[in-house]
Amino acid sequence: MRHFRRKASGPLVAIVFWTVASLITLFPVYWMFAVSAKSRVQLFGSPSFLISSFFTENYLSTLSDPAFQRYMTNSIVIATSNALLVTALALLATYALSRYKLPGKENLFFWTITNRMAPPAVFLLPLFLLYTQVFVVADVKLFDTKIGLILLYCVFNLPFAIWTLRGVIDGIPKELDEAAFVDGANTWQVLTQVILPLAKPGLAVTGILTWVFAWNEYLFAATLTSVNARTITTGLAEFVTVTGTNWGRMAATAMLTLVPALLVLGLAQRHIVAGLTFGAVKE
Amino acid sequence: MAPVTITNVRKRYGSAEVIHGVSVNIEDGEFVILVGPSGCGKSTLLRMVAGLEEISSGDVRIGGKVVNDRPPKDRDIAMVFQNYALYPHMTVYDNMSFSLRLKRRPVSEIDSKVRHAASILDLEKLLDRYPRQLSGGQRQRVAMGRAIVRDPQVFLFDEPLSNLDAKLRVQMRAEIKELHQRLKTTTIYVTHDQIEAMTMADKIVVMHDGVVEQIGAPLELYDRPKNLFVAGFIGSPAMNFIEGQVSAVNGQPAMTTDDGVVLPVSVPRALLQTGQRLVYGIRPEHITLGEGGPAAHVSVIEPTGSETQVFMKLGSNPLVGVFRERIALHPGERLGIRLDPGKAHLFDKTSGQRLA
């Protein structure tokens, strides 16, 4: 009887726990939404968490602002290019690390992570000098360019992506490669037709996480760009000025930056299917 | 179809050599089984034929051409792996057609070949399924189907049945043999199971510690094993071995065991030296009941229905006898046995080689 009661109350406790946890997690987002939906007068006149009428002006002015459009486009281009480049390079790197007998490959694998061991701020000044003074060909600099940020984020994300994907590629039985080789495939065909489809869940996770990193990154974006390559995170900071902060516009911008992130997450999530290799080889 | 010739092939990993100069001739259309205990190098040898392992020295020829440096895809072989190695993201149809699609064959040709192979293997109803939706035996058949559609010069099987349960293994054994009789493609098959080797092969290659111990037809190996290893490996229950030394009884050569039991032998005297250490081998079914021979003591009786296995001791030597008749025996009982000298195998203890 006691056993039965414990079993029955289990889901209820879980439901209550996760509901409370979700509310706590989502509350700041709601708060932000509430701020974005109010005019300055509503916001400071009678502060409340409730939304009595929706003030659309914050959203309309944000969407029609050319600076916002540019920042948003930059962020999407930078984050997406970074995610694609990092995932592709990490796939090639981990396939080589997993399948080939390379002298010292375990050392190589370990040392890829070392550039994540120091706080990113440490690299700020050297990178600023490199981008403005050293990596300069004629008039072309990496400073304030999208490609500059994409490459930089690659440097920071690749080690992490390699560490994530290593386990995924190692988990794909080597016999599948061998079967494909015997079936007449070359290395590229093995990679694209056997490994890639099977590594999809891992690639999707890697892609999402690197995309989110680039999407949210502020420190380097603020330091290594000025006008052309500014991203949305730096744009948000621009609402804080010496004359005051436009909270409504800032919250509306922040809400709008959530949209692409949710879309990417939704798209990538479809590929995260556990147990895809089940049935490949007898375990 | 093509003959395969393996000439003095060696495999080294760094300074460690695991295959020490193996040579095997496989005729066109022959079914050859490489058999031996784990770690004897049989799978490595097969993988060298497939092109999945580099050959350290020696030659592998398929259809008369040296293929040492050719990648697997240019060797015109098909391989069935121990753990099936089916592509999990592809249906049975796609798994079977993968090699033909890589070769960019016309769709109609691919379809007819896949359906033909599926009909041979009774897979027609499973073509739309994924490997995860199949049973072990069905997956094994798909793996074979994938090999058949290629219509290769040589089939390579790497312990294909070891993941199946006992009943299915017997069934698949017959299916593979039937398939070979039908297709007549040269086949190299690796197993550690000597029963599989005995029942399926045209020719068996017994390997041990990276060398070939003996090559021959199944019954040839059974009847005339070249050395102690082959004698002990082929046959189930295994051959009984009794140690002793050369002696003479009434002028006739014999072997006296360390317990003083005298066993007559039928080996020409010239092959024996007085005091030479010998191993006397006798298969369990060649022990007969009857007085006039040595006496053994029964330790365990195992009736299987069709036969009775009797574990006994002759002096301090354990022996196993297999008898077709159902005999009523009890542990500890004295049992008069006869060992037919004509059926016995005599080996030199030091070299392990057969004497005659």
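Q: Which helices are among those covering the buried residues of α2(B)?
A: In this predicted model, the cover over the buried residues of α2(B) includes α8 (174-182) and α9 (187-216) of chain A, together with α3 (107-120) and α4 (136-148) of chain B, where contact means heavy atoms within 4.5 Å. Helices here are DSSP runs (H or I) of at least four residues and strands are E runs of at least two, numbered from the N terminus.

Q: And how many residues of α2(B) are buried?
A: Nine of the eleven residues in α2(B), which spans residues 92-102, are buried, so the helix is mostly covered. Buried means under 20% relative accessible area, exposed over 50% and partly exposed in between, with a 1.4 Å probe and protein chains only. The buried residues are B:V92, B:Y93, B:N95, B:M96, B:S97, B:F98, B:S99, B:L100 and B:L102.

Q: How should I read the numbering and the values?
A: Residues are numbered from 1 along each chain as its sequence is written, while chains are lettered from A and ligands numbered from 1 in the order in which they are written. Local features need pLDDT of at least 70 and side-chain atom pairs count only at pLDDT 80 or more, whereas totals for chains, interfaces and linings use all residues, and side-chain values use heavy atoms, with hydrogens and water left out.

Q: Changing topic, how do α4(B) and α5(B) cross?
A: The axes of α4(B) and α5(B), the latter covering residues 166-183, come within 11 Å and cross at roughly 15 degrees. Axes are lines fitted to C-alpha atoms, for helices over the stretch in contact, with angles from 0 to 180 degrees between N-to-C directions. That makes α4(B) roughly parallel to α5(B), a word used for angles under 35 degrees, with over 145 roughly antiparallel, 65 to 115 roughly perpendicular and the rest oblique.

Q: Which residues make that contact?
A: From α4(B) they are B:G137, B:Q140, B:R141, B:M144 and B:I148, and from α5(B) they are B:L168, B:Q171, B:M172, B:E175, B:I176, B:L179 and B:L183.

Q: What about α4 and α12 in chain A?
A: The axes of α4(A) (residues 66-99) and α12(A) (residues 247-269) come within 11 Å and cross at roughly 30 degrees, and these helices are therefore roughly parallel to each other. A:F68, A:M72 and A:I76 of α4(A) make the contact with A:T253, A:L256, A:T257 and A:P260 of α12(A).

Q: What does A:T87 touch?
A: A:T87, which is found in α4(A), touches A:L165, A:L203, A:T206, A:G207 and A:T210, not counting residues up to four places away in sequence. A:T87 is buried, with a relative accessible area of 12%.
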